[in-house]
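Morning, everyone. I'd like to walk through one structure with you, starting from a single side chain and ending at the ligands. Here it is.

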Amino acid sequence: MPNPLYDALFAPHRGNPASFLIGDDGKILTYDDFLRRTSRMAHALTGAGVRPGDRIAVQAPKTVQGVVLYAATIQIGAVYLPLNTAYTTTEVDYFITDATPALLVCATASLSALAPLAANVGAAVLTLDADNTGTLTDATQGQPDSFATVPRAADDLAALLYTSGTTGRSKGAMLTHNNLLSNAQALVDLWQITAADRLIHALPVFHTHGLFVALNTALLAGASVRFMARFDPDAIIADLPKSTLMMGVPTFYTRLLDDPRLTRDTCAKMRLFISGSAPLLPETHAAFADRIGQMILERYGMTETNMITSNPYDGPRIAGTVGLPLPGVAVRLTDARDGIGMVEVRGPNVFRGYWNMPDKTAEDLRPDGWFITGDLGRIDPQGYLEIVGRNKDLIISGGYNIYPKEIEDALNACPGVLESAVFGVPDADMGEAVMAVVVMQPGQVFDAAAIATGIGTTLARFKLPRQIATVDDLPRNGMGKVQKNVLRAEWNPL
Ligand code: MLC
Ligand code: AMP
């Protein structure tokens, strides 16, 4: 009986002596050892009461053991639900309450805060720390190193990834085995990833980019992965001469370009640099090509759809565009005016809908399978897509999505605040930075520090405004809608 994702990504590596994960400590985990560990973990998870279809929520540091946990989740037919390590207890509470996982895996340091939340939904709790230890690893000790893989259908869920929403409420994107597998297959083909590749992996593994685009493709191809706990330019520069492939958000590339040690020599073995999750500025493209003699390959995707388009491997890579639809994926523009329209996508990569939110699903996913991305685009005569803006009120900072509504709600709940507006301003390092303006209630004194402290208890730190200022009124259009473009122009620091 099949388990599409496990059968394609993991099972073929039984007995494969090649290096899979190479850690910061230099330790190498071979594919075969990885598979054995996965089976032991699968026994540990079923022993903890996880059944097929159950969710396993994970808010834990980036570790080799975390990748084993992902593989074992798929092997037992469960659903992997990764959470940003920056999320606060309040934020995690929302996800757990919504997704009702059977198991929560967290760092020991968060145990006392998160265990009661898990108990509320009847979830078991195990720990996993940065050094790969914890009660999860303990539970794998002495377990058999083979496990009868649980069968799954192609459209059964493999993962549930939360993405913030314009309403301020996060939505769980339901991703199936076939969503993930079809996309990995298309990307391996397109980017010509093979077992001879060595990938620099410095992305977090709680989002589509680090988890699926990077890891699933490496697994499918049998490539080696230099698995870095975090983005550290020193470590990357040291590893470039031994590596062939890197994937990152634009901030990775602007920060590397700031380092004079990034040279043609250090990159002599590198065959491909890939960027995505946020727009790569044409200046960054040009500076990189000038320094390294290679053009970064830019692609475009979303949590709900995996990857949608990519510039070609062979063939022109055009700066300012995100390339052509992946094979098997269709892209169209709707309601186009002057050639600019809403980007819609259809294909085996498109998710099954939002968890427990049929109305939201119906709003964004048409009955005939077209998903409305919220991005605005233009298609050039060669068929290359250019993302020219967003129809959704969203800030992308260093590759993290931040929805203003969520922050405005928190600001408006602060004592003395009448109303607020949150918007992105250009930022040289992060692409965009979060900025907030508040209107105080009559007679109330504005205290930026007090407001920052107030919202800091519930919101993850990366969402917090760089600056909070006060204004007398918010600019509004004739319909009463706040004009964020006016605010962006007024507060642009560059
Ligand atoms: C960290 N901080 C950020 C931030 N990252 N603030 C705003 N935006 C960000 N992206 C803040 C922290 O809260 C902290 O603040 C301070 O910066 C230092 O934290 P750090 O962890 O040491 O930061 P750093 O290592 O410099 O991280 C920057 C980064 C990281 C760019 C390396 O954000 C990153 O890895 N981004 C990748 C995101 C990603 O994978 N996106 C893919 C989404 S999938 P304080 O106040 O505590 O000091 C997707 C689909 C697709 O979009 O197409 O791929
Ligand atoms: P997420 O919801 O985190 O999956 O983020 C998806 C959003 O990131 C998309 O809808 C786009 O707005 C944006 N995005 C991803 N890749 C690119 C890119 N190469 N250029 C511009 N925007 C991008």
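Start with two side chains, Glu344 and Arg366: they make a polar contact of 2.6 Å. By polar contact I mean a pair of N or O atoms within 3.5 Å; within protein, one must be able to donate a hydrogen and the other to accept it, and residues adjacent in sequence count only if both atoms are side-chain atoms.

Before going on, the ground rules. This is a predicted model, where local features need pLDDT of at least 70, side-chain atom pairs count only at pLDDT 80 or more, and totals for chains, interfaces and linings use all residues. Side-chain values use heavy atoms, without hydrogens and water, residues are numbered from 1 along each chain as its sequence is written, and chains are lettered from A and ligands numbered from 1 in the order in which they are written.

Back to Glu344. Its side chain also has a polar contact with the side chain of Thr334, at 2.9 Å. Is Glu344 buried or exposed? Buried, because its relative accessibility is 0%. The cut-offs: buried is under 20% relative accessible area, exposed over 50%, partly exposed in between, with a 1.4 Å probe and protein chains only.

What is Glu344 in contact with, leaving aside neighbours within four places in sequence? Ala330, Val331, Arg332, Thr334, Arg366, Trp370, Phe371 and Ile372. Contact here means heavy atoms within 4.5 Å.

Now the strand. Glu344 sits in E17, residues 340–346. Helices (H or I, at least four residues) and strands (E, at least two) are DSSP runs, numbered from the N terminus. E17 pairs with E18, residues 371–379, in the antiparallel sense over 4 bridges. Two strands pair if DSSP finds at least two bridges between them. Across in E18, Ile372 stands opposite Glu344.

The whole sheet is open, with 4 strands in the order E16-E17-E18-E19 and antiparallel pairing.

On to ligand 1. It has 21 residues around it, the closest being Arg255, Ser277, Arg299, Ser397 and Arg461. A residue counts as near if one of its heavy atoms lies within 4 Å. The side chain of Arg299 puts an N or O atom 2.7 Å from a ligand 1 oxygen. For Ser397, a polar side-chain atom lies 2.6 Å from a ligand 1 nitrogen. At Gly399 a polar backbone atom is 2.9 Å from a nitrogen of ligand 1. Alone, ligand 1 exposes 1000 Å², and the protein buries 72% of that. Those areas are Shrake-Rupley values with a 1.4 Å probe; for residues, only the protein chains shown count as cover.

Which element gives the largest share of that shell? H10, with 3 residues. H10 is largely enclosed by the rest of the structure, because 6 of its 8 residues are buried. Among them are Phe252, Tyr253 and Leu256.

Last, ligand 2. Of 15 residues around it, Arg299, Thr303, Asp375, Lys392 and Asn401 come nearest. A backbone N or O atom of Arg299 lies 2.7 Å from a ligand 2 nitrogen. The Glu298 side chain has an N or O atom 2.9 Å from a nitrogen of ligand 2. From the Lys392 side chain, an N or O atom is 2.7 Å from a ligand 2 oxygen.
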